[in-house]
Amino acid sequence: MATYTLNVNGKTETVDVVDGNMPLLWVLRDKLDLKGTKFGCGVAACGACSVHLDGQVTRACVTPVSSVGAKRVTTIEAIGQSPVGQAVQKAWLDVDVMQCGYCQAGQIMAATALIATTPKPTDKEIDSAMQGNACRCGTYVRIREAIKTAAGAATADTREV
Amino acid sequence: MADGNTINTSRRFFLLASAAGGGLMLAGCVTAAGDTTDGAPALAATPAKPAAPPVDMNNFVAIAPDGTIRIMNKNPEIGQGIKTMLPMLIAEEMDADWSKVTIEQGDADQARYGNQIAGGSFATPNHWVPQRQVGAAARLMLMQAAAARLNVSIDELSTEPSMVVHTATNKKIAYGDLVADAAKLTPPDPATLKMKDPASYRIIGKNMRNWDSPKIVRGEPIFGIDTVVPGMKYANFVKCPVFGGKIVSANIDEIKALPGVTDAFIVKAAGAPIPTKMGLLDGVAILADDWWTAKEAAKKLKIVWDEGVSKDESSASYDSQAAELAKKTPQTSLSKVGDAAAAMKTAAKTIEASYSYPFLVHAPLEPQNCTAHAKADGTVEVWAPTQRPDMGANGAFSLISTALGVAKEKITIHMIRCGGGFGRRLDNDYAVEAAAISKQAGNIPVKLIWTREQDMAHDPYRPGGYHNFKAGFDKSGNVVAMTNHFVSFGRPNDAGTMTILASANSPPQEFPANYVPNHEYSQSLMMGGMPTGPLRAPTSNAVCFVHQCFIDEMAIAAGKDPIDFRLELLAAPAPAGSAARAGMNAARMAEVVKVVRQRSGWDNRKSLPKGVGMGTAFYFSHQGYFAQVAKVKVEQNGAWRVLKVWSVGDVGSTIINPTNALNQVQGSIVDGISEMHQKITFDKGRTQQQNYFDMPLLRIDYAPQIDAHFHPSNNSPTGLGEPALPPVLPAVANAIFAATGKRIRSLPIVQKDIAWT
C-alpha cells in the first residue's frame, strides 16, 4: 500500500493504492470517482484517456500514479474552468460533434491543449495534434470544424482535394 | 396522484400494440416523479426535477404542472442519436415546446415500450408512425381537457407549442395546466388520429443537438462503464484464448492471496459452449476494489485449458481451403436464371476475378462492460450498455435467465448509454458474465470490465468470405451472363446439417443478379469455428465491396464509363424467370447515381493526374439508396489517402434530424474507409490482433472531406445507421484503380500492392 498526494482540478487529493504503478486513469476513475476520463485501450493507442499534466496532453492509461508528483492534473470535469476549454466545449455543442461521445472527452482535452499553444491552428497542425485521438464513430469532419470554431477561425477544410 | 411511485393499475388500459415492432401502448396511469435518472439511479448527474411531480399522459410522456415535459426514450442509445430522434417524433405531434422537453432513458421493458433494439436501421421505419401517434394522442387529450374546461367544441381549438388555443377568443391554456384533467381521459384509438401536415412541422426536420452532449462535454458519468453501485467490486474475467475452451484447473489460491484482490473463482459455462455462439463461457473471475488491480492480478493466472473444437482454426487454412473449393463444383446453387454456362461459351468476351475480404472485429471504443447485482432475494439488477436487452436467445434477459436459473420477471435491466455499438452489443456475453460473477461472489454488486485485448479476442466477428466471379459480354459490350461461386463458412447445426454462420451469407439476389439475362450464383462452405455476428451493415459491408468492384471491372471490359454502365444495368428489364429484386427500386437508385455524378464532377475526372482517381459505387441496404463517388490520391510508393467522398442518399420523404443524419453518413464513410485498413486473423484458434496498434482505426489526418447530400423521395422515412457505409469501400477501391491501374481484389489494402511508376 502506498499513499500519493495529487493536485487534481485544483484540489489536493490523497489516494491510497496497492501499487504505485497503478495508472493515473484508474486513480481518477476508481479512487476519485472522476469518470469523465475514459478507458479505451490501456496502451496509449486511442487517446480516450487524455488528461493534462501541467497543461500538456498526457495519456492517463500509461501514466503511473507514482510519476505524477506535484504536476497539476486537469481532467474533462474541470476543462471548462479555462477560457479556451470553455470555448472548445461550446464549439463541440454548436457543431454537434457527438455520436456515441465516448472518445470526446479525450478529443476535447487534446483540442484545448492545441488551441492553448496554437491559437489559430492550420489543418496540418490539427492533423498533427489530433491524430492520436481515435473516434470509432468517425466524427472527424466535425472535430476539425469544432476546433476551428473554438479558435474563431474560418471552418473550411483547406486540405488537398 | 400523490400515490408515491405506485402505478394505479386499476386505471391502466392498453390501447394497441402495433404490428410493426414499435408497439404503442397508452396507459392511463399516474405516477409521482419518476426515479429514472438516465436509467441508473446511482449515477451522479441527476437532472433537476420540476417542483411538482409530472403526470403521466401515457407510457412515454409525462407533463409537470410547470410545463416541463418528460419524454422517455425507449431504445438503446449507441451513438446513432435515437435518444434525441424518437422523442422528436413524439414532441412534434403533441406540439410540445422543445425547450421544455427533458428526455430520459427508459429501462428494458418490452411490455411497456414494445421492442427495444438498436439494429438493422429499423428504428426510423418502425417508429415513424407509432411514436408520432403517441404524441398526437397526448395532444388530442390535452385539447379535450381544454374543450371541457372552456365549455367549447374541440373543433374551435388548436395548439401552439405547449399551449391549447381557443382560436376565436385567443384564450390559451398551458399543457401544464391541463395535464391533471387530460390524463384522466380515455386515450383515443390511434387509427383515428389526424397527424400534422408536414408543412407545419416545428421539430421534425430541424437540427436538434444530440441530447446528452452537454453532459459529455462536462465529463459526466453517463456510459455503462461509469456505473457505480454502492458496495460494488470491480471484476476482470479471463476466458480461454481459443473460443469456447474449458477450464481444467487454475491457481485460484495464489491469485486470491495477491495484494488488493478480494476474491477469485472459476465460473463454469452455462451448459455446453455452443461453437460460434456468444454466451457464458468458462473463465476465471478476479475481484478487487479497483479494476486495475483485478486486471493486473490476471497476469499471474496459470490456467490449464481444454481448448476444445476451435483450436486448429487458422486464417492460412481458411485461405487454402477457399482456393481448393473455388476449383471444385459448387456445393449449392443459390439462384439461377437462364443458362449462364451456355451464354459464357458463346460470349464475345469473358472476364474472371476472385475477391476476398477478412474477418473484422467491432471494437467499439468503450470496452465491453456491465454492472450487475444478483441479489440474495433472487432478483437480478443489471446496468448494461446493450443494443439488445431482450428479443431472442442472445438478448440479455434470456442469457441471464438461463445461466442464473432465474425467471425473466425477476430481472431488471437498465439500458445505459453505449460508447459505440456497431452490432457488438447485440450479443450480451459480458452482461451474463457480470450477473454470474455477482451471484457467485456472494450476491454482491460487481462491475465487470474487459480489457481491449479481451475485446479483440472474444468478438462475434464479421466473417471473411471469398467470391469467384465470371462475366460474359456480347460484341457490343452488353452483359450476357454473370456467375459467382461464393465460398464461406458454416457449421453443422443440432440436426447435423451444415449451416452457414451468422452474417456469413451473400444474398443470391445481389445486384446485378436479375438485371442480366443469364446468371448463376452458387455457394460452398468450409467449417468455421469462430463466433460470428452482425457488424454495422451486416453482409452488405462485405458483399457490396466485391460486387461493386467487379461491376467496375465489367464496365472497363465493356469499354464503358462506370456510371453509364451502372445506369444501363439499372434500366435493364428483369429477365424471364428472375426472382424479386430484393426490394430495390431501380429508378430510385438511378436517381441518386445521377445526382452524385453531377455533384462530384464525375464527368470532368479525365483531367486528373496519374495517382489521383475517382471511383463510384452504389448500394441498397436497410431500405436506403446510396450512391457515392470517392476521390483518392495514391503516392508512387503506394501510400494512399481518400481526399473526398461525395454521398447522395434517398431515405424517403423526411430527414427527421438533419444534423444527426449527416453525422451518421459522415461517420459511415469514415468507418468504411477504416475497414479497408483492418483485418482479424487466426492462428491455432487464437485471434492474432490485440489492440488498436495492430487493428487500426482511421484517424483525423486520413479522414476525407465529405459532401453528404440527401435526395428526398415520396416514400416513408427509413434509417441511417447503416446504409451509407457499404458503397464507400468499393468506391474507394475503384478510385484506386482509376488512379493507378491496380485492382483491389482483397482487403485490407496493402500499400506495396498499389505502388506505381
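Chain B has 18 helices and 28 strands, where helices (H or I, at least four residues) and strands (E, at least two) are DSSP runs numbered from the N terminus. This is a predicted model, in which local features need pLDDT of at least 70 and side-chain atom pairs count only at pLDDT 80 or more, while totals for chains, interfaces and linings use all residues. Residues are numbered from 1 along each chain as its sequence is written, and chains are lettered from A and ligands numbered from 1 in the order in which they are written.

**Overall form**

- The C-alpha trace of chain B spans about 80 × 75 × 50 Å along its principal axes.
- Of the 757 residues in chain B, 57% are buried (20 or more other C-beta atoms within 10 Å of the residue's own, with C-beta atoms placed from the backbone).
- In chain B, 78% of the contacts with a separation of 6 or more are between residues 24 or more positions apart; a contact means C-beta atoms, placed from the backbone, within 7 Å.

**Strand β16(B) and its neighbours**

- Four of the five residues of β16(B), residues 380-384, are buried.
- On one side, β16(B) pairs with β15(B), residues 369-374, in the antiparallel sense over four bridges; pairing requires that DSSP finds at least two bridges between the strands.
- B:His373 has B:Glu381 as its bridge partner in β16(B).
- Five residues lie between the strands of this β15(B)-β16(B) hairpin, and B:Gly378 takes a positive phi near 95° there.
- β16(B) also pairs with β17(B), residues 411-415, this time in the parallel sense over five bridges, and B:Trp383 stands opposite B:His414 in β17(B).

**Nonpolar core**

- The largest nonpolar core has 274 residues, and B:Val382, B:Ile400 and B:Val732 have the most contacts inside it; such a core is a set of buried Ala, Val, Leu, Ile, Met, Phe, Trp, Tyr and Cys residues joined through C-beta atoms within 7 Å.
- Leaving aside residues up to four places away in sequence, B:Val382 touches residues including B:Ala372, B:Ile400, B:Ile413 and B:His414.

**Side facing chain A**

- 54 residues of chain B are in contact with 52 residues of chain A.
- The largest share of this side of chain B, six residues, comes from α17(B).

How values were computed
Buried ≥ 20, exposed ≤ 12 C-beta atoms within 10 Å, placed from the backbone. Contact = placed C-beta atoms within 7 Å.
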